[in-house]
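Subject: Handing over the structure

Hi there,

Here is the structure I promised to pass on to you. Have a look at it first, and then read on for what I found in it.

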Amino acid sequence: MADKDQENKIEEVSKEAEQPKEVVEKEVVAEEVVVEEPVEEQVDFRVGDSIRVFYKIIEGEKSRVQPFEGIVIAIKGKELSKTFTVRKIGAGQIGVERIFPFQSPNIDKIEVTKYGNVRRSKLYYLRDKIGKAATKIKERKV
């Protein structure tokens, strides 16, 4: 009895494996995801620049765009796993950092508000600064 059930399961799996429709559909879906325009091509910014990231937030069925404005303190990774970290000083002089992937479909757009001139690739020292000093960066001529 158990042997027949196992044979039926094996036959069902082999029949499903022979159907190429699922494989073709998965390939099409994968191509659609890669086709989306990455953020790197949209906006050119560097570490030290002040930017405004318009991020789509989905709450249930509703979606809205929320801006997050701050200084880019780090850019990490390569190609698809590339991310950038934005730090802003919130209410009550509390620092808020957010990591955004470059390839995220939830990023609506990015605006560069100020170009910064820095000599480091990571600005983690800004975490120790308090008040105005935490946002003070020399401006770069563009």
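Let me start with strand 3 and strand 4, which run antiparallel and are joined by seven bridges. In this pairing, Arg 87 has Glu 97 of strand 4 opposite. The two strands form a hairpin with five residues between them, and there Gly 92 takes a positive phi near 75°. Please keep in mind that this is a predicted model.

**The whole chain**

The protein chain holds three helices and five strands. Their order from the N terminus on is α-α-α-β-β-β-β-β. Of the 142 residues in the protein chain, 25% are buried. If you look at contacts with a separation of 6 or more, residues 24 or more positions apart account for 55% of them.

- Strand 2 and strand 3 run antiparallel and are joined by five bridges. Lys 76 has Thr 83 in strand 3 as its bridge partner. This hairpin has six residues between the strands, and Gly 77 in the turn has a positive phi of about 85°.
- Strand 1 and strand 2 run antiparallel too, with ten bridges between them. Here Ile 58 has Ser 63 in strand 2 as its bridge partner. Two residues lie between the strands of this hairpin, where Gly 60 takes a positive phi near 70°.
- Strand 1 also pairs with strand 5, in the antiparallel sense and over six bridges. In strand 5, Val 112 is the bridge partner of Ile 51, and Lys 114 stands opposite Ser 50.

Why is strand 3 described as largely enclosed by the rest of the structure? Five of its seven residues are buried, so the rest of the structure largely encloses it.

**The nonpolar core**

Which residues touch the most other members of the largest nonpolar core? They are Phe 45, Ile 51, Val 53, Phe 84, Phe 100 and Ile 110, in a core of 21 residues. Strand 1, strand 2, strand 3 (83–89) and strand 5 are the elements that give two or more residues to this core. Strand 2 gives the most, with five residues.

Two of these residues are worth a look together. Ile 110 has its place in strand 5 (residues 107–114), and it is buried, with a relative accessible area of 7%. Between Ile 110 and Val 53 there are 4.6 Å from C-alpha to C-alpha, although they are 57 residues apart in sequence. Val 53 touches Ile 110, and its other contacts beyond four places in sequence include Phe 68, Phe 84, Val 86 and Phe 100.

Asp 49 lies in the loop between helix 3 (39–42) and strand 1 (50–59). Is Asp 49 buried or exposed? Asp 49 counts as buried because its relative accessible area is 0%, and the cut-off for buried is under 20%. What does its side chain meet there? A polar atom of the Asp 49 side chain lies 2.9 Å from the backbone nitrogen of Gly 116. The side chains of Asp 49 and Arg 140 are joined by a polar contact of 3.3 Å. Beyond four places in sequence, Asp 49 also touches other residues, among them Gly 70, Ile 71, Val 112 and Tyr 115.

Ile 71 counts as buried because its relative accessibility is 6%. Its contacts beyond four places in sequence include Asp 49, Val 86, Leu 123, Leu 126, Ala 134 and Ile 137. Ile 71 and Ala 134 are 63 residues apart along the chain, and their C-alpha atoms are separated by 9.6 Å.

Enjoy exploring it, and write back with any questions.

Best wishes

Technical notes
Residues are numbered from 1 along each chain as its sequence is written. This is a predicted model: local features need pLDDT of at least 70, side-chain atom pairs count only at pLDDT 80 or more; totals for chains, interfaces and linings use all residues. Side-chain values use heavy atoms; hydrogens and water are left out. Helices (H or I, at least four residues) and strands (E, at least two) are DSSP runs, numbered from the N terminus. Buried means under 20% relative accessible area, exposed over 50%, partly exposed in between (1.4 Å probe, protein chains only). Contact means heavy atoms within 4.5 Å. A polar contact is a pair of N or O atoms within 3.5 Å; within protein, one must be able to donate a hydrogen and the other to accept it, and residues adjacent in sequence count only if both atoms are side-chain atoms. Two strands pair if DSSP finds at least two bridges between them. A nonpolar core is a set of buried Ala, Val, Leu, Ile, Met, Phe, Trp, Tyr and Cys residues joined through side-chain atoms within 4.5 Å.
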